[in-house]
Amino acid sequence: ILVRVVKPVAAPRGVIVYLHGGGFVTGTAANHEPVCRQIAAATGCVVAIPDYRLAPEFRFPIPLEDCLAAVTWAAGRFDLPLVVMGDSAGGNLAAAVAHAAHMQGNPSIAAQVLLYPVMDGAMDTPSYQDPANDLLLSPDAMSWFWDHYLPDTTLRTDPRASPLRAASVSGLPPAIMVLASHDILRDEGQAYADRLVAARVPCDLMIAEGEIHGFFVMGGIMPAARTALDFVADKLAVHLIQSNSG
C-alpha cells in the first residue's frame, strides 16, 4: 500500500494518518495531498495518507484492514503522538480504526478527527430525507457507494462498517468532529458525537452552518474550510500537549 507522507516545516508535534473520502470507491492519496499539506502546516504534524484499496474490487472489510495496517505502520515508524483523521467515508474508516485499536489495545491513538463522517448504513435519518441537504452528496449517491462497499445489507449493522452501531464507545480516544448543516450525513454524525459525550469521551463538535458535504477539502472555494481547519488545529493542539506530557 502506498503511503504519501507530508511533513511540516518545523519539528513535528505528532503524526496524523489521514484516510481520504470518496465513498469507499473513489479518491486517492494524491488528490487529497493539497488539503493534507494545509493540515500539516496548521497542526505542525506529519500527515501520512495511505492509498487504501477501494471497492468494488476490494469490498468491506479490506479497506478498513488496509487503514488499520497503515495506522499500525505509522505508530512504529514515527515516535510521535498518533492521530487518525478522515473525511466522509474516510471518517467512517477513522472511527472504525480508532475502535479497533482500542479493542485490541494497540496502537495507542491520541485523538480521532472525524469530518462529516459516514457512521451508519441505515440511511434513514431526517437529514437524509430533507431535500435541502440533497446537494453535493445525495441519498441516491450514498446508496450507490454502500452497494459497492457492502452490497449485503444485512451486514451493514456490523460496527466495523457502521461505527454508530458499536455496542460501546467507552474508552475511545478523544474526538474532534466537524459536520455540515446541509449534509445528509449530519444526523448520524451528531448521534455519534452524542454517544461519545454520554460515554464521557471528550468530543469537540463544530457544525458548519450553511455548509455542504465535502466543504473541508475545498478550501480554494469554501472560506468555511479555513475556519474548520483552525478549529481542528486548536482542539488537536490540546490533545497533543496532553499526550506529550503523559
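Cysteine 203 is in no disulfide either, with the sulfur of cysteine 45, its nearest, 19 Å away.

A word on what you are viewing: this is a predicted model, where local features need pLDDT of at least 70, side-chain atom pairs count only at pLDDT 80 or more, and totals for chains, interfaces and linings use all residues. Residues are numbered from 1 along each chain as its sequence is written, and side-chain values use heavy atoms, leaving out hydrogens and water.

Now let us turn to the sheet. It is open and mixed, with 7 strands in the order β1-β3-β2-β4-β5-β6-β7. Strands are DSSP runs of E with at least two residues, helices are runs of H or I with at least four, and both are numbered from the N terminus; two strands pair if DSSP finds at least two bridges between them. β1 (3–6) and β7 (203–212) stand at the edges with a single partner strand each, so one side of each has no neighbour in the sheet.

Further in, β2 (residues 15–19) and β3 (residues 46–50) pair in the parallel sense over 3 bridges. One of the residues involved is isoleucine 16, whose bridge partner in β3 is valine 47.

Finally, look at leucine 93 in helix α3 (residues 89–104). Its relative accessibility is 0%, so leucine 93 counts as buried (under 20% relative accessible area, with a 1.4 Å probe and protein chains only; exposed is over 50% and partly exposed in between).

Methods:
A disulfide is a pair of cysteine sulfur atoms within 2.5 Å.
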